[in-house]
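Here is a short report for a reader meeting this chain for the first time. Please look over the sequence and the model before reading on.

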Amino acid sequence: MTVATDFRQVLGHFCTGVTVVTGAGPVGMACQAFAALSLDPPLVLFCPGKTSRTWQAIAGTG
């Protein structure tokens, strides 16, 4: 299997729910707005609040 095939299979089983988005440190947030965005390249979409301090910490990790 390729990465794209695995990615599609995994996200094809995720219909709705809460996900956890983390950064490169002891920081993370629960995120309800999460979906597949693209198969090539493999990308996901999630929607944090612009004013979230946690999101600022995660975004800062690159």
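## Basis of the report

This is a predicted model, in which local features need pLDDT of at least 70 and side-chain atom pairs count only at pLDDT 80 or more, while totals for chains, interfaces and linings use all residues. Residues are numbered from 1 along each chain as its sequence is written, and side-chain values use heavy atoms, with hydrogens and water left out.

## The chain as a whole

The chain has two helices and four strands. Helices (H or I, at least four residues) and strands (E, at least two) are DSSP runs, numbered from the N terminus. Along the sequence, their order is α-β-β-β-β-α.

The accessible surface of the chain is about 4700 Å². Carbon and sulfur atoms hold 59% of that surface. These areas come from the Shrake-Rupley method with a 1.4 Å probe, and for residues only the protein chains shown count as cover. Of the 62 residues in the chain, 11% are buried. Buried means under 20% relative accessible area, exposed means over 50%, and partly exposed lies in between (1.4 Å probe, protein chains only). Contact means heavy atoms within 4.5 Å. Among contacts in the chain with a separation of 6 or more, 39% link residues 24 or more positions apart.

## The annotated region

A UniProt annotation from an unreviewed entry, "domain: Flavin reductase like", covers residues 11-62. UniProt positions are given here in the numbering of this report, feature names are shortened, and annotations may be inferred rather than shown by experiment. Over residues 11-62, the chain is 17% helix and 33% strand. The end C-alpha atoms of that stretch are 23 Å apart.

## The β1–β2 hairpin

β1 and β2 form a hairpin, with five residues between them. The two strands run antiparallel, and four bridges join β1 to β2 (residues 28-31). Two strands pair if DSSP finds at least two bridges between them. V20 stands opposite A30 in β2.

In a regular strand the side chains alternate between the two faces of the sheet. In β1, T19 and V21 make up the covered face. V20 and T22 make up the uncovered one. T19, in strand β1, is buried at 12% relative accessible area. Leaving aside neighbours within four places in sequence, T19 is in contact with F14, M29, A30, C31 and F34.

## Two cysteines, no bond

How many disulfides are there? The count is zero. A disulfide is a covalent bond between the sulfur atoms of two cysteines. Here the rule asks for a pair of cysteine sulfur atoms within 2.5 Å. The sulfur of C47 is 6.7 Å from the closest cysteine sulfur, in C31, and that is too far for a bond.

C31 belongs to strand β2. Is C31 buried or exposed? C31 is buried, at 3% relative accessibility. C47 is partly exposed, at 48% relative accessible area. Beyond neighbours within four places in sequence, C31 is in contact with G17, V18, T19, V21, F46 and C47. C31 and F7 are 24 residues apart in sequence, and their C-alpha atoms are 19 Å apart in space.

## Aromatic pairs

Rings of Phe, Tyr and Trp (its six-membered ring) pair if their centres lie within 6.5 Å; planes under 30 degrees apart count as stacked, over 60 as edge-to-face and the rest as tilted. By this rule there are two aromatic pairs. F14 and F34 form an edge-to-face pair, 5.5 Å centre to centre with 85° between the planes. F14 lies in the loop between α1 (3-12) and β1 (19-22), and F34 lies in strand β3 (residues 34-38), so this pair ties together parts that are 20 residues apart in sequence. F14 is partly exposed at 28% relative accessibility. F34 is partly exposed at 22%.

The rings of F46 and W55 have centres 5.5 Å apart and planes at 80°, so they are edge-to-face. F46 is partly exposed at 24% relative accessibility. W55 is partly exposed at 26% relative accessible area.

## A cis peptide bond

Where is P41 found? P41 is in the loop between β3 and β4 (43-46). The peptide bond from D40 to P41 is cis, with omega near 5°.
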